[in-house]
Amino acid sequence: MRFGESSWSRWILWVASLSVGWICLVLWLRTSSPSGIEPRIPETSRDSKRVAVPNGPEIEVAGEWIPGPGTPGSMHGSWPQFRGPNRDNIAPSEASLSRKWGDSGLPELWRIEVGEGHAGPVIHGGRLYLMDYDREGEKDAIRCLSAEDGEEIWRYAYPVKIKRNHGMSRTVPAVTDEYVVTLGPKCHVHCLQMETGELFWKKDLVREHGTQVPAWYAGQCPLIDGDLVVLAPGADPLMMGIELASGEVVWKTPNPNRWGMTHSSIVVLDHPQGRQYIYCTTQGVVGVSAQDGSLLWSLPDWKITIANIPSPVPVGTDRVFLAGGYRSGCMMVRIHGPKSAKEPFYPEILFRLDHKEFGSEQHTCILYGDHIYGIIPTGEMACMSLEGQILWRSGQEAKFGLGPFLAVDGLILVLQDQKGTLHMVKASEETYEELGMAQVFRGHDAWGPMAMVGQRLFLRDLTELVCLRLPKR
Amino acid sequence: MMLNTRSTVFAICIAIASAGQAEWSMFRGSPARTGVTEERLPERLALAWVHEMNGSVNCSAAIVNRAIFVGNDDGLFVALSLDQGKRTWEFQAQGGIESSPAVKDGRIFFGDDQGFFYALDQRTGEQIWRFEVQGKIIASPTVEDKRVYLASYDHFLYCLDRVTGDLIWKHETDAQIHCSPCLTSDSVLTGGCDGFLRWVAKKNGELDMKVDVQDVVAATPVFHQGSVYAAVLGGRVLRVEADKGLLIWDVSVGKNSPELMASPAVKDDRIVLAGRDRVARCLNAKTGEEIWAFETQGSIDSSPLVAGEDVFFGSSDGNLYRVSLAEGKQLWRFPTASPITASPAVAEGRLVVGVEDGAVYCFKGKD
């Protein structure tokens with residue numbers, strides 16, 4: 001077949017298809033009764049509220065508050081946000097943990113089924129909060145459970161249609177003594193009273209700010225900093241500070257180049273010349289003034305195609321470590337402050353390593369002591385110096401896929417994402433040394449971040465949430 | 001009508017029997033130290049709660065009136081609600097607590113390793129009286145009528161007035177007493193590092209009889225249907241006629257004389273014991289012959305408890321085991337990942353055990 005003939009055939013076929021489609025549309029409009037079509041209005045319950053959104057239209061999604069039989073646990077301690085109390089994924093060690101687990105497994109305090117996804121829990125005041133998805137009801141479900149036994153105390157659910165796409169939920173709430181703030185898979189933000197679940201305010205970042213929901217849904221975990229929730233809509237604006245109590249936006253970071261939302265989360269850098277919020281956008285990494293939201297610096301060199309998932313890791317007061325997947329590798333950046341009021345901050349790349357040396361596809365690396373620990377793209381755990389020297393890799397026999405990990409009491413706890421095994425690794429720059437292993441899940445895709453309070457470790461796979469108790473020495 | 005009345009009475013008796021022991025008020029469940037309750041736990045058990053005590057929990061809990069009483073080696077003694085494991089009160093003793101509490105008529109009795117013996121108010125945890133001895137108290141007290149019996153590493157067996165804490169009598173042995181006093185009809189039975197089993201008269205503390213068992217008695221002896229059963233440290237088990245002290249049988253268990261620290265449990269014609277050779281065993285009480293053996297991965301100091309037809313015990317391998325009394329078959333296992341030396345307690349539908357890393361676990365029937 002000659003080229004010309006092929007082009008003509010396609011052209012004729014295209015015109016014919018368009019014509020048939022147009023005729024069908026006209027026929028449908030003439031025969032259907034528009035009055036017979038009722039708009040879908042979400043159910044409103046006695047406890048739901050329609051909230052007038054500051055600076056925006058009223059949101060149509062109405063929530064429903066549903067009580068459960070659970071009561072708050074009496075446990076002390078808190079894991080109040082993504083990556084724990086200091087957003088560094090280091091659990092405060094209240095007790096010296098046993099370096100030996102034995103062959104029989106770890107005590108399982110409770111296990112519950114959860115919606116398909118990777119959303120990790122937070123724990124505060126004996127309560128556990130989870131941004132879950134109710135697939136049957138087609139609702140996001142902000143769930144408050146007893147941290148003691150996993151019984152549901154209440155849930156606040158609102159209609160959102162989500163298709164399965166490597167899990168449905170993947171964000172971690174932030175909680176204080178008064179508020180719990182969530183960001184749903186389709187970028188619905190809710191602020192509820194942490195004990196009662198009463199709705200204070202909510203926002204729809206897509207409708208109000210033009211956010212484009214990232215592939216596989218939102219992964220950004222809200223940051224609570226003092227009286228503010230700091231979020232990066234990655235649209236209009238790039239970042240914003242919202243007053244927790246009122247939901248009022250108190251500052252916005254302009255976004256003239258439309259740097260978009262990623263799965264990464266905002267972190268705080270206490271720079272000597274002012275506190276900053278660091279965020280990885282679709283087009284690069286930015287530093288924003290915590291004082292007024294102004295953009296202090298940006299670095300387009302840190303742009304990851306497909307997805308930027310891990311969050312930046314502050315190193316000291318003026319460095320930021322970035323690691324990513326999809327062949328991006330990693331880099332260490334020093335944030336130089338201005339020498340005079342007229343000069344800007346500027347980021348200096350101290351080193352950059354190829355993905356074959358170091359990187360992280362999904363989870364944020366941990367700065368523990370003076371070393372960086374992470375799961376590199378081969379699935380191995382690796383330890384790196386702050387100067388970019390790879391100190392060890394766990395080897396072919398110790399791969400963890402996209403499993404989560406946290407540090408506690410001189411240990412790294414890491415979950416193998418497909419086998420469901422929890423591994424206890426000595427946090428040492430000298431060598432990879434596994435001290436213990438326990439089977440936790442039979443399922444797969446254990447990607448959700450872990451949480452730890454006292455000796456209790458909360459972890460999940462795609463469909464189950466488990467609370468284990470780690471033994472003391 | 002008569003038939004109905006009889007039926008009703010019979011039904012009530014059956015109901016009472018089925019309900020079993022509503023409480024587990026002291027170490028081994030009773031003054032005879034049989035380590036048995038008629039209560040049957042549901043086939044499927046689930047963790048009800050965990051209470052963190054920090055210090056090692058090596059004593060056996062008491063379960064009375066929907067409350068749990070237990071101490072740890074930091075000297076912390078607590079009362080917990082049975083349903084939720086919430087702490088209702090706490091008491092700080094002078095020394096570490098290995099002595100399991102005995103509860104009677106609103107009072108709780110236990111000793112510590114600094115030689116203090118306490119009587120606390122069951123409701124508030126307030127100290128009512130305290131009695132001091134000259135050695136540590138590991139043995140668990142027992143209570144009968146108006147008296148409380150205790151033993152110490154100071155070689156003495158003591159009888160106190162349970163209301164006032166006044167000394168009624170004390171009886172000196174030749175060595176430290178580790179095991180807990182066991183009551184027969186007229187005597188307080190004790191053993192110690194001097195290699196004797198001693199029958200001491202309840203009424204005056206005079207020695208009625210002693211039997212040379214030629215080994216240390218660390219495990220608490222059992223009085224059951226006219227016989228005394230004792231496990232000695234060198235891996236032997238003896239049955240002695242309780243009234244006359246005549247030896248009925250004396251058998252060695254295991255291959256290498258395993259140390260027997262755990263106290264045996266005796267039900268009907270079966271003795272269940274456990275040793276530091278990692279093995280729990282069941283012997284025929286009539287002959288001393290082994291019926292079954294169940295091996296764990298760690299040494300066993302946790303005294304087995306027989307609840308209904310099942311045996312519960314912990315192991316230093318970190319597991320709490322449930323095996324059948326009939327065959328020694330494993331029915332259930334819960335990994336705590338921490339060695340268990342405390343003996344479990346069963347009452348009111350719950351199974352409670354403390355572990356060395358400071359947790360108290362409570363189990364109930366699975367919904």
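Predicted model: local features only at pLDDT ≥ 70, side-chain atom pairs only at ≥ 80, totals over all residues.
Let me start with confidence. Chain A averages a pLDDT of 89. In that chain, 87% of the residues score at least 70. Two stretches need caution. Residues 1–9 of chain A have a pLDDT below 50. Beyond near neighbours in sequence, that stretch has one contact in the model. Residues 20–59 of chain A also have a pLDDT below 50. Here the model shows 32 contacts beyond near neighbours in sequence.

Now the overall make-up of chain A. What does its secondary structure come to? Two helices and 34 strands. The chain has 473 residues, and buried ones make up 51% of them. Take the contacts in chain A between residues at least 6 apart in sequence. Of these, 54% join residues at least 24 apart.

Next, one strand in detail: S10 of chain A, residues 188–193. Is S10(A) largely enclosed or open? Five of its six residues are buried, so the rest of the structure largely encloses the strand.

Look at its partners. On one hand there is S9(A), residues 179–183, joined to S10(A) by five bridges. The two run antiparallel. In this pairing, Thr182(A) stands opposite His190(A). S9(A) and S10(A) make a hairpin, with four residues between the strands. Cys187(A) in that hairpin takes a positive phi near 70 degrees.

On the other hand there is S11(A), residues 199–204. Five bridges join S10(A) to S11(A), again antiparallel. Leu192(A) of this pairing stands opposite Leu199(A) in S11(A). These two strands also form a hairpin, with five residues between them. In the turn, Gly197(A) has a positive phi of about 80 degrees.

A word on strands in general. In a regular strand, side chains alternate between the two faces of the sheet. Keep that in mind while turning the model.

Further along chain A comes an open sheet of four strands. The order is S12-S13-S14-S15, and the pairing is antiparallel. Which strands stand at the edges? S12, residues 223–225, and S15, residues 249–253, of chain A. Each has a single partner strand, so one side of each is left without a neighbour in the sheet. From one strand to the next, the twist averages 20 degrees. S12(A) pairs with S13(A), residues 228–231, over three bridges. There, Ile224(A) stands opposite Val229(A).

Now both chains. How many residues does each chain bring to the contact? Chain A gives 14 and chain B gives 15. On the chain A side, five are nonpolar, five polar and four charged.

Then the core. The largest nonpolar core has 255 residues. Those touching the most other members are Leu322(A), Leu413(A), Ala62(B), Ile63(B), Ala230(B) and Val360(B). Take Ile63(B). Leaving out residues up to four places away in sequence, its contacts include Trp24(B), Ile68(B), Leu82(B) and Val352(B). Charged partners are on the list as well, among them Glu23(B), Glu348(B) and Arg350(B).

Last stop, Asp243(B). Where is it? In the loop between strand S21 (236–241) and strand S22 (247–252) of chain B. Asp243(B) has 16 C-beta neighbours inside 10 Å, so it counts as partly exposed. The buried class would need 20 or more. Gly226(B) lies 17 residues from Asp243(B) along the chain. Their C-alpha atoms are separated by 7.2 Å.

Note on methods
Residues numbered from 1 in each chain as written. Chains lettered and ligands numbered in written order. Contact = placed C-beta atoms within 7 Å. Buried ≥ 20, exposed ≤ 12 C-beta atoms within 10 Å, placed from the backbone. Pairing = 2+ DSSP bridges. Core = buried A, V, L, I, M, F, W, Y, C linked by C-beta atoms within 7 Å. Axes fitted to C-alpha atoms, helices over the stretch in contact; angles between N-to-C directions. pLDDT = per-residue confidence, 0-100.
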